Amino acid sequence: MSSCTPATPLPLKPVDGLVAELRGRLSGATVMRLREPLALHTTFRVGGPADIYIEPASENDLCTALRFCYEHQLPWFVLGCGSNVLVRDGGFRGMVICLANRAFSGIAIKGNRLVCGAGARLKAVSETARRLGLAGLEFMDGIPGSVGGALRMNAGAMGSWTFDMVESVRCMAPDGQTREVNRAEIQAEYRACEFFDQHIALMAVFNARPGDIAQITERIRAYRRRRRQTQPAGQSAGCIFKNPHPVPAGRLIDELGLKGARIGRAYVSSKHANFILTEPGATASDVIALIELIRKRVKAERGIELEREVRIIGQDS
Ligand code: EPU
């Protein structure tokens, strides 16, 4: 989920005028919509619209869109499956780019390697590997994200991380230049990879290892069982906070008795205290107020500064 906000944003021209110009520069296969409700594109199901929303149909169109943003000083943001993002109620002033087109979401096999588009879903990556008897990607099954989002966040579950499996990445810089980068050149940390602040992931090569299909299938089933037992279903963005050392955020929040705490139509899960769930009618402001309430209570009572894992974009209404 790369993003770019110009250091000194110019006052925006009305986007409607800009859009005809952009449309003329993009191929007909690229989806472009104005004032697209981002609540439709995030798992929290809240938040306002993006001024311009595009799904580029090619690297060429993506490059054109980035150049357009540069020329008009428009902030841009790359959205994956929206499973780790909270959009404020006023929406995003600029362009939201989603690599959902099949040009960016394919999965190809080369020996033990899976070559995956940034828009491919992690569940599909895991399932493709399982069917072929390739091990190591089982943990991706339950993460409701895309390959691009997983790279940006170094997403992890069940003791494994995305960058454990990455061999190389193809990416685009904000000036439209593409290049291949080896794993060793990218610094990835717990739930963070700054490289993708400045680069848009286009494709990743995951290096898996041959395994027994029955064992791989059983591992996936066990992970699903564990997830069902410990994590809530429903509208959320997964864990809200990163785990501080040495106590996990879920336990900290639980110990403060905050399970079930509610603001408006957002509430803390009673199954896992590091999850905030939204009900129909919830606003991003409800969620943000609840995040603040938790953060302040944890700081005041335990002296620990919780760091958000979920990214917040856009502006208040
Ligand atoms: N715990 C509580 N109360 C709660 C929740 C958890 O006491 O309400 C305790 C658990 O009993 C356990 C400890 O806290 O002893 C850790 O909980 P859990 O095993 O559920 O894992 P977690 O650290 O909360 C992490 C990732 C999850 C990932 C799971 C499974 C983070 C912030 N979260 O959760 O990732 O799915 O491990 O591997 O690292 C995400 O990042 O969005 C996410 C869901």
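**Before you click**

This is a predicted model, so to speak of local features we need pLDDT of at least 70, and side-chain atom pairs count only at pLDDT 80 or more, while totals for chains, interfaces and linings use all residues. Residues are numbered from 1 along each chain as its sequence is written, and side-chain values use heavy atoms, with hydrogens and water left out.

**Stop 1: the whole chain**

Zoom out. The C-alpha trace of the protein chain spans about 55 × 50 × 35 Å along its principal axes. For 317 residues, a compact globule would have a radius of gyration near 20 Å, and the protein chain agrees, with 20 Å. (That radius is taken over C-alpha atoms, and the globule rule is 2.2 Å times the number of residues to the power 0.38.) Colour by secondary structure and you get nine helices and 19 strands. Both are DSSP runs numbered from the N terminus: helices are H or I with at least four residues, strands are E with at least two.

**Stop 2: the five-stranded sheet**

Select β7, β8, β14, β12 and β13: in that order, these five strands form an open sheet with antiparallel pairing. Two strands count as paired if DSSP finds at least two bridges between them. The edges are β7 and β13 (178-182), each of which pairs on one side only. From one strand to the next, the twist averages 20°.

Now zoom in on β7 (residues 107-110) and β8 (residues 113-117), which run antiparallel and are joined by four bridges.

Helix α2 lies across β12 (166-172), β13 and β14, and runs at about 55° to β12. Contact here means heavy atoms within 4.5 Å. Axes are lines fitted to C-alpha atoms, for helices over the stretch in contact, and angles run from 0 to 180 degrees between N-to-C directions.

**Stop 3: the three-stranded sheet**

Jump to β16, β17 and β18, an open sheet of three strands in that order, again with antiparallel pairing. Its edge strands are β16 (262-263) and β18 (276-278), each pairing on one side only. Three bridges link β17 (residues 266-268) with β18, and Val-268 stands opposite Ile-276 in β18. Helix α9 (residues 284-302) lies across β16, β17 and β18, at about 30° to β17.

**Stop 4**

Pro-246 belongs to the loop between α7 (213-230) and α8 (249-255). Then pick Arg-35, which has a positive phi of about 45° although it is not a glycine. Arg-35 is in strand β2 (residues 31-37).

**Stop 5: the second largest pocket**

Which residues lie nearest the centre of the second largest pocket? Select Leu-79, Gly-80, Cys-81, Cys-98 and Ser-146; they belong to a lining of 25 residues. The elements giving two or more residues to that lining are β4 (76-79), α4 (147-153) and β14 (200-207), with α4 providing the largest share, three residues. The volume is about 370 Å³.

On a 1 Å grid over the protein atoms alone, a pocket is an open set of points with protein on both sides within 12 Å along at least five of seven lines, a cavity is a set where a 1.4 Å probe fits but cannot get out, and lining residues have an atom within 4 Å of a point. Points are joined across faces, edges and corners, and a volume is the space filled by probe spheres set on them.

**Stop 6: the cavity**

Last one: the whole structure has one cavity of 30 Å³ or more. Show Phe-139, Asp-141, Gly-142, Met-158, Tyr-223, Arg-224 and Arg-227 to see what lines the largest cavity, which holds about 30 Å³ of space.
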